[in-house]
Amino acid sequence: MSALAQVAGDPAVDPVAPAPETQKRSWTAYLLLLPGVLWLGVFFILPLVQLASVSLQSRYPGFPGYYYRDLNFQNYVSALTDYAPHFARSFLYAGLATLLAFVVAYPLAYAMAFKAGRWRNLMMICVVAPFFTSFILRTFAWSQILADEGWVVRSLDVLHLLPGGQIINTPVAVVAGLTYNFLPFMVLPIYASLERADPRVIEAGGDLYANGFTTFRTVTLPMSMPGVLAGTLLTFIPAAGDFVNMELLGPQRGKMVGNVINDQFLAIPGGYPVAAALSFTLMAAILAMVFLYVRRFGTEELV
Amino acid sequence: MTPIPRRSRRPLSEPAAAITRAASGGMSRRALLGTGLAAGALSACAPPKPPAGSGGLSSLDLPEDVSDSEKILKWANWTAYLDMNGKETKSPTLDAFMQQTGIEVSYSEDVDDNDSYYAKVAPQLRAGQSIDRDIFTLTDWMTGRVIRDQLCQPLELIQMPNVVSNLLQPLKDVSFDPGRQHSITWQSGFAGIGYNRDKVGRELKSLDDLWADDLKGRIVVLSEFRDTAGLVMQSQGVDIDSDFGRAEFEAALDFIEQKIEEGYIRKVKGNSYMEDLTSGNAVAGITWSGDIFVLSFDTGDPAWTFTIPESGGTLWSDNLMVPITSTHRSNAQKLMDYYYDPAVAAQVAAWVNYVCPVEGAQAEMEKIDPELAESPWIFPTADFISESNIQGFRSLDADEEIEFADLWSTKVMGN
């Protein structure tokens with residue numbers, strides 16, 4: 001909306017006496033919006049409506065894998081009661097991964113923005129490079145690296161640093177995998193915010209007798225908050241719905257909600273409605289959490 | 001309000017029609033969703049109807065076969081299921097077929113598990129879309145479902161003389177495909193215990209031998225419940241080929257669940273369990289027969305052993321089918337016929353080590369490897385099957401199929 005108002009200018013909201021010229025301009029604005037609106041309609045609204053419709057369907061008796069239209073709210077009841085632990089686990093793991101990613105990403109982004117000098121581009125390439133290989137392949141590679149007879153586990157075992165004797169197929173591996181996979185989404189927005197920060201403002205902190213830590217706390221960190229906010233959202237949202245890390249790195253027990261959705265869609269004849277209800281619930285839950293989060297920590301601009 | 005399943009291509013039964021009316025046209029729903037776009041989308045996304053019961057060939061809408069002008073064929077199969085050269089890049093028998101016929105075959109190991117493959121392709125096939133495959137390979141019970149759902153094409157046996165004369169007698173008429181009108185057996189195999197004798201350090205003879213403290217967390221089992229639960233039920237004294245019910249099945253699942261929770265079973269997987277055996281995450285498990293021989297060959301480690309547990313094992317077959325939307329049925333039939341040439345079948349069997357469904361292949365195998373010609377894993381005798389208590393999992397009706405899959409998903413898969 002704001003985009004429309006900006007492009008169209010005041011006459012768009014004041015239709016009493018539009019000058020012919022501005023009328024034409026406002027048409028241009030709608031025309032410019034058209035591809036975006038169409039795109040949203042076809043690739044977002046339509047699938048969403050389809051998903052909502054599926055989530056209320058019932059199984060066709062006697063024909064596994066077939067459904068009929070219904071208003072079966074039992075699917076939602078089942079999604080919320082049977083799979084509450086899976087939701088909790090998803091949010092916990094995604095939250096942990098977001099926190100870890102923040103801890104790793106902030107110093108990295110800080111170094112890239114202020115200390116890297118001529119190494120900055122190289123560091124940037126290193127952060128982005130993993131995107132050149134498929135997400136699944138990279139996760140699969142981790143499952144090989146962390147395998148029981150791989151060198152990582154063996155050396156840790158020799159040093160008696162691994163009480164369980166395995167890394168792979170544990171929740172630790174899942175959180176590590178999520179952190180690894182979504183790290184660039186945390187680094188890039190924080191870097192973008194820091195890089196835009198005016199160094200003179202930070203210097204001013206020193207001029208006003210603040211020590212390094214106080215300057216960071218009261219000046220640098222607040223200035224990077226839009227980036228932190230964007231980064232946490234970009235990490236948390238996909239991590240909460242992820243199933244690949246759990247599938248490839250996780251244990252057999254204690255699955256995440258993404259795995260349940262995947263299994264309901266793919267392994268259970270007649271699981272579509274529950275899977276759709278779960279997807280919807282997950283979406284609503286994430287939306288609510290993000291809304292509260294942005295209300296609490298939000299700033300005027302998201303990068 | 002439960003609709004009665006349709007038996008013919010007549011309009012919907014009354015309750016179903018009422019539901020459809022209520023869901024699609026109703027003003028209340030339109031008002032509820034607010035926008036016309038939403039209502040339009042809703043009417044566009046009606047779930048597909050189940051196929052009419054015994055419609056027969058006439059009701060099938062087959063696409064035009066362009067095999068003559070397009071000499072290509074795309075085949076979806078399971079891992080370690082076709083003879084390969086040393087580098088695992090090419091298959092000698094497939095290369096020979098391509099040279100002989102001029103048909104370019106692209107072979108892909110797409111199938112990791114029956115359910116997930118079916119769930120992936122079925123919606124596309126029902127919508128009449130191409131899945132970019134001309135042959136897929138699925139297990140008996142899933143073959144039954146594909147045929148019932150009319151998602152595969154009828155085959156012209158008259159075009160496949162090798163199949164007609166060489167398909168083993170017991171496989172010529174099977175319950176899920178009477179008269180083999182829609183599917184042809186690719187290979188059969190056993191589910192039993194696969195393990196590395198050196199790493200385990202002893203022989204594993206019964207299923208209970210798997211639940212040992214030194215093997216804790218180093219065991220994988222198959223996500224195919226007919227095999228894993230089947231083996232466990234056999235060890236609990238159930239005849240899995242006769243009339244057992246939900247209670248026996250649930251008891252087996254409780255047992256498996258307990259073994260997962262106690263940490264004995266590490267993962268429940270599709271055909272990708274072979275990766276865990278290769279990487280050393282697991283040293284034993286419930287596996288398929290041929291895979292273990294291939295693993296032994298690939299890793300050069302003769303310690304990999306397959307055995308049928310004392311309480312018995314399962315026997316199943318995988319079947320070749322032509323997806324309903326494929327336009328290369330003749331090419332597919334040529335390939336099926338080619339693999340029923342005993343000499344070719346023996347070549348495949350010598351590599352995959354699964355039960356060969358081709359009459360005369362045993363004699364051909366004598367020429368390749370006399371030892372393999374005696375192998376009960378490739379050419380089992382009736383005595384071997386009955387003495388080892390090898391059974392096929394009984395066929396489930398549609399309701400049981402859903403019920404059992406639900407139970408399996410919750411109790412064992414951890415969902």
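Reader: Which residue ranges make up domain 1 and domain 2 of chain B in the domain assignment?
Author: The model is a predicted one. In chain B the domain assignment writes each domain as a pair of segments. Domain 1 of chain B is 64-187 + 316-375, and domain 2 of chain B is 189-314 + 394-411.

Reader: How many residues does the contact take from domain 1 of chain B and from domain 2 of chain B?
Author: The C-alpha centres of domain 1 of chain B and domain 2 of chain B lie 26 Å apart. Residues count as in contact if their C-beta atoms, placed from the backbone, lie within 7 Å. The contact takes 16 residues from domain 1 of chain B and 15 residues from domain 2 of chain B.

Reader: What is the make-up by class of the side of domain 1 of chain B that touches domain 2 of chain B?
Author: That side belongs to a contact that takes 16 residues from domain 1 of chain B. Sorted by class, the side of domain 1 has eight nonpolar, six polar and two charged residues.

Reader: Which element gives the largest share of the side of chain A that touches chain B?
Author: The contact takes 38 residues from chain A and 41 residues from chain B. On the side of chain A, the elements that give two or more residues are helix H2 (20-55), strand S2 (67-68) and helix H12 (257-266) of chain A. By class, this side has 18 nonpolar, 13 polar and seven charged residues. The largest share, six residues, comes from H2(A).

Reader: How far apart do the C-alpha centres of domain 1 of chain A and domain 2 of chain A lie?
Author: For chain A the domain assignment gives domain 1 (2-45) and domain 2 (78-297). The C-alpha centres of these domains of chain A are separated by 38 Å.

Reader: Why is chain A described as more spread out than a compact globule?
Author: Chain A has 13 helices and two strands. For its 303 residues the globule rule gives 19 Å, and the radius of gyration of chain A is well over this value, so chain A is more spread out than a compact globule: the radius is 24 Å.

Reader: What percentage of residues 87-293 of chain A is helix?
Author: UniProt, in an unreviewed entry, places the feature "domain: ABC transmembrane type-1" at residues 87-293 of chain A. The end C-alpha atoms of this span lie 18 Å apart.

Methods. Residues numbered from 1 in each chain as written. Chains lettered and ligands numbered in written order. Predicted model: local features only at pLDDT ≥ 70, side-chain atom pairs only at ≥ 80, totals over all residues. Contact = placed C-beta atoms within 7 Å. Helix = DSSP H or I, 4+ residues; strand = E, 2+ residues; numbered from the N terminus. Nonpolar A, V, L, I, M, F, W, Y, C, P; charged D, E, K, R; others polar. UniProt positions renumbered as here; feature names shortened; annotations may be inferred. Domains from an automatic or database assignment. Rg over C-alpha atoms; globule rule 2.2 N^0.38 Å.
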